[in-house]
Amino acid sequence: MMKNKAITALLLALLMLVSAGCTRNNGDIGDLYGRWKVETLTADGVGLPLYDGEVEMYALWFQSELVWIHELFPHQDYLNHKGMWKREGDKLLLDFSFTGDYDEQYRPPVALHFVENGVTPLTVASESSFKMTLWYVGDDGVRYEYHLRKVY
């Protein structure tokens, strides 16, 4: 009988530890947390071909102050592009200005038309817990609009 109580107490303690674990580094960032697939991208209202067989998915992952752009290729090959982000009102600022070793990992994929070595000032046009529309006007004068869907 005593053995069953000890096992029950141990299992309850383990359950409390597991349920108290944190999946978000440095606090809750709300609905932005997680992985967002870029469903479509337009340039001045014209759709751009993101998924031509070479790339299967672009996904933005947000956690803490970090953003990764996960570029998935066939056969589960991938490349992660690393940057920083911050939110100021309706602006989502993606910063890919880091320089150093492995610079290609700190540059966004060319196909997304983000600022290559600096900050992309995206305007949040709409957002919910599972969909988001972002846009900005690039240095080339083109308005880029991104439609994202949360996949995780």
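Okay, let's start in the middle: the largest nonpolar core has 28 residues, and Phe-62, Leu-92, Leu-94, Leu-122, Leu-134, Tyr-146 and Leu-148 touch the most other members. By core I mean buried Ala, Val, Leu, Ile, Met, Phe, Trp, Tyr and Cys residues joined through side-chain atoms within 4.5 Å; buried is under 20% relative accessible area, exposed over 50%, partly exposed in between, with a 1.4 Å probe and protein chains only. Strand S1 (34–43) gives the most to this core, four residues. Strands here are DSSP runs of E, at least two residues, numbered from the N terminus.

A word on where this comes from: it's a predicted model, where local features need pLDDT of at least 70, side-chain atom pairs count only at pLDDT 80 or more, and totals for chains, interfaces and linings use all residues. Residues are numbered from 1 along each chain as its sequence is written, and side-chain values use heavy atoms, leaving out hydrogens and water.

Now the rings. There are five aromatic pairs, meaning Phe, Tyr or Trp rings (six-membered ring for Trp) with centres within 6.5 Å; planes under 30 degrees apart are stacked, over 60 edge-to-face, the rest tilted. Why is the pair Tyr-51 and Tyr-58 called tilted? Because their planes sit at 35°, with the centres 5.9 Å apart. Tyr-51 is partly exposed at 30%, while Tyr-58 is buried at 3%.
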